[in-house]
Amino acid sequence: MDGDCELCTQPGGELLWESDLCRVVRVTDASGRAFPGSCRVILKRHIAEMSDLDAGDARGLMEAVLATERGLRKALRPDKINLASLGNMVPHLHWHVVPRWRDDRHFPAPIWAAPQRDATPHPIPSLDSLRQAIAAELSTVTGTP
Ligand SMILES: [Zn+2]
């Protein structure tokens, strides 16, 4: 816990699922609106690097990331999923799981790159539909409560 860290003090999005190790949230800021279904898998401890986790926790976190990816693919059928762990701005382990479409604002560049076009709107999934899709996949993950 770090009182100055936004991922220690705030959820980081709308909660979809959580375990003792991590939580999965839907991103609700501007990037979440530009990329419907965009999620973050956030470690529940203030640790900066994957290699600072023990093997079991690293595996558990990746299982949650992969389950989130599978849920988003089933629910949204995007053209591509982007996985990214940066943490340069907020050095607290979190993975971005971002559905991408060929006609989204930045494709094929990363979502953080300069926009290439106006986006073609894609339907924004309901919180319930995302929660169900992701929970179904996460139910098989190690450490599920
Ligand atoms: Zn933190």
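Select β1 (14-18) and β2 (22-26). Four bridges join β1 to β2, and the two run antiparallel. Strands here are DSSP E runs of at least two residues and helices are H or I runs of at least four, numbered from the N terminus. Two strands pair if DSSP finds at least two bridges between them. Now pick L15: V25 in β2 stands opposite.

This is a predicted model: local features need pLDDT of at least 70, side-chain atom pairs count only at pLDDT 80 or more, and totals for chains, interfaces and linings use all residues. Residues are numbered from 1 along each chain as its sequence is written.

**The sheet.** The open sheet has five strands in the order β1-β2-β3-β5-β4, with antiparallel pairing. At its edges are β1 and β4 (80-84), each pairing on one side only. Neighbouring strands are turned by 20° against each other on average, direction ignored. Axes are lines fitted to C-alpha atoms, for helices over the stretch in contact; angles run from 0 to 180 degrees between N-to-C directions.

**α4.** Select 127-138. This helix, α4, lies across β1 and β2, running at about 20° to β1.

**α3.** Go to 55-76. α3 has 22 residues and reaches 31 Å from first C-alpha to last, close to the 32 Å expected at 1.5 Å a residue. The expected span is 1.5 Å times one less than the number of residues. Colour its buried residues, among them L61, A64, V65, T68 and L72. Buried means 20 or more other C-beta atoms within 10 Å of a residue's own; exposed means 12 or fewer, and partly exposed lies in between, with C-beta atoms placed from the backbone. Their cover includes β2, β3, β4, β5 and α4.

**The core.** Show V24, C39, V41, A64 and I134: of the 28 residues in the largest nonpolar core, these touch the most other members. Such a core is a set of buried Ala, Val, Leu, Ile, Met, Phe, Trp, Tyr and Cys residues joined through C-beta atoms within 7 Å. The largest share, six residues, comes from α3. Centre on V41. Beyond four places in sequence, V41 is in contact (C-beta atoms, placed from the backbone, within 7 Å) with residues including V24, L61, A64 and W95.

**Past α3.** Just after the helix, R77 takes a positive phi of about 50°. Then select P78, in the loop between α3 and β4. P78 counts as partly exposed because it has 19 C-beta neighbours inside 10 Å. Leaving out residues up to four places away in sequence, P78 touches L72, R73, P99, R100 and W101. Finish at R102: P78 and R102 are 24 residues apart in sequence and 8.8 Å apart in space, C-alpha to C-alpha.

Note on methods: Two residues are in contact if their C-beta atoms, placed from the backbone, lie within 7 Å.
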